[in-house]
Amino acid sequence: MQSNLLIDIGSIFSNLWESMGISQGEWQNYVMLLISLVLMFLAIVKKYEPMLLLPIAFGMFLINLPGAESVLWGTYTDEAHTYDLVTDRGLLWYLYYGVDKVIYPPLIFLGIGAMTDFGPLIANPKSMLIGAGAQLGVFIALFGAVLLGFEGAAAAATAIIGGADGPTAIYVTKMLAEDLLPMIAIAAYSYMALIPAIQKPIMRLFTTKKERAIRMKPLRQVSKVEKIIFPIAVTLIVGLLLPDAVPLLGMLMLGNLFRESGVVERLSSQAQNGLMNTVTIFLGIAVGCKAKGDIFLTWDTIKIIGIGVVAFYCGTIGGLLTAKVMCKVTKGQINPLIGSAGVSAVPMAARISEDVGRETDPSNHLLMHAMGPNVAGVIGSALAAGILLSIPWI
């Protein structure tokens, strides 16, 4: 009787130990937990893109807790861990549904559209050229990805990091190479958070003190009619020419139409506040929960991070060089610093143009002028995504 009792107690403790996460963890789990803590530090202490970096980091933290995956995600019925073949589905499986069915990125664009004033772009349509020039980063990244061994759709998905737009990167990667999603999404948002450190040295290197001191004429007043017609016209033109870009660009323009029409203030407010915040939380956690150690800690991740750095530099350089050419053509009417705002990070990139300009002349304000290229960059990244998605990658 006593022997059976000892066996039962031993079995209980054995089962208890086996159920503990600490008995199930691999070294990759602990490395990823450390990385997630570093990202949380950057989000909380350094305030690097905290709205998305913090939920991404915590999603990464949760999924790498040893033994927690089956509870938070569910139990896979295949060795390849296919999304659809999950039983006993957990919370993170349902949150990831919005990524799997590419619902979250267009909703983020809806909120961005409702928050953004397209007036500076309408007032200065030449800004579109700068936004187009900043897409150099996408195509340099595509070339670099091919050189580093990525093929077809994987190279295209990696290239979109150069657009400096997190939702677009997630959208394209999910459509073309889902297995690269955690690496590309985290790389994209990490570098967006580091844009001040990336862009400022390049801006000073590629512009002269005289160019940085150029004062631009005030933008003309844009009428309400123009602001209402613009999103409708852009959606129509893009829809006819590049349908693959419509899910992102269409939602961007719908959000802007909510803002500018003046007749749906409640919808506009909800899109840029409640909806935007909710989707941001879900998107961040869902992306982070795919960054498991055995998937994330690979050579492909290192390659993607390296490509991302080069892409962000090249995007900034492309915008600056385009603006410098325009400065020459207009005989000094355009400050080349606004070229760096051609990347899609709204409104951070525009603020950096303002900051660097005021280092030379504290009374020179470039923010509104930089918002034109900045908005053009958002549109440009969506168009670049549409181009990449329209190509039949093998």
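1. Alanine 213 sits in the loop that runs between helix H14 (209-212) and helix H15 (224-241). The model under review is a predicted one, and the points below should be read accordingly. Leaving aside residues up to four places away in sequence, alanine 213 touches Asn335, Thr360 and Asn364. Proline 336 lies 123 residues from alanine 213 in sequence, yet the two C-alpha atoms are 9.7 Å apart in space.

2. The side chains of glutamate 211 and lysine 324 meet at 2.8 Å, N to O. This pair links distant parts of the chain, since glutamate 211 belongs to helix H14 and lysine 324 to helix H20 (residues 299-329), 113 residues apart. Glutamate 211 counts as buried, because its relative accessibility is 9% and the limit for that class is under 20%.

3. Ten salt bridges are present in the structure. One of them joins the side chains of aspartate 100 and lysine 174, at 3.5 Å from N to O. Here too distant parts of the chain are linked: aspartate 100 is in helix H5 (residues 91-100) and lysine 174 is in helix H11 (residues 166-176), 74 residues apart. Aspartate 100 and lysine 174 are both buried. As a general principle, side chains of opposite charge can pair when their charged atoms come close.

4. Helix H18 (residues 274-288) has 15 residues and reaches 21 Å from its first C-alpha to its last, close to the 21 Å expected at 1.5 Å a residue. Its buried residues are Met276, Val279, Thr280, Leu283, Gly284, Ala286, Val287 and Gly288. They pack against helix H3 (50-63), H5, helix H6 (104-115), H11, helix H12 (181-193) and helix H17 (265-272). H5 and H11 are also the helices that hold aspartate 100 and lysine 174, respectively.

5. The largest pocket has a volume of about 880 Å³. Its lining comprises 30 residues, and Glu49, Met115, Met276, Val346 and Pro347 lie nearest its centre. Met276 is one of the buried residues of H18. Helices that each supply at least two lining residues are H3, H6, H11, H12, H18, helix H21 (348-360) and helix H22 (367-390). What is the largest share of the lining, and which helix does it come from? H22 provides it, with four residues. Sorted by class, the lining has 20 nonpolar, six polar and four charged residues.

6. Isoleucine 304 is placed in helix H20, the helix that also holds lysine 324. Is isoleucine 304 buried or exposed? It is buried, because its relative accessible area is 0%. Residues up to four places away in sequence aside, isoleucine 304 touches Phe150, Thr158, Ile161, Leu180, Met183, Ile184 and Ala187. Alanine 188 is 116 residues from isoleucine 304 in sequence and 9.6 Å away in space, C-alpha to C-alpha.

Note on methods: Residues are numbered from 1 along each chain as its sequence is written. This is a predicted model: local features need pLDDT of at least 70, side-chain atom pairs count only at pLDDT 80 or more; totals for chains, interfaces and linings use all residues. Side-chain values use heavy atoms; hydrogens and water are left out. Contact means heavy atoms within 4.5 Å. A salt bridge is a side-chain nitrogen of Lys or Arg within 4 Å of a carboxyl oxygen of Asp or Glu. Buried means under 20% relative accessible area, exposed over 50%, partly exposed in between (1.4 Å probe, protein chains only). The expected span of a helix is 1.5 Å times one less than its number of residues. On a 1 Å grid over the protein atoms alone, a cavity is a set of points where a 1.4 Å probe fits but cannot get out, and a pocket is an open set with protein on both sides within 12 Å along at least five of seven lines; lining residues have an atom within 4 Å of a point. Grid points are joined across faces, edges and corners, and a volume is the space filled by probe spheres set on the points. Ala, Val, Leu, Ile, Met, Phe, Trp, Tyr, Cys and Pro count as nonpolar, Asp, Glu, Lys and Arg as charged, and the others, Gly among them, as polar.
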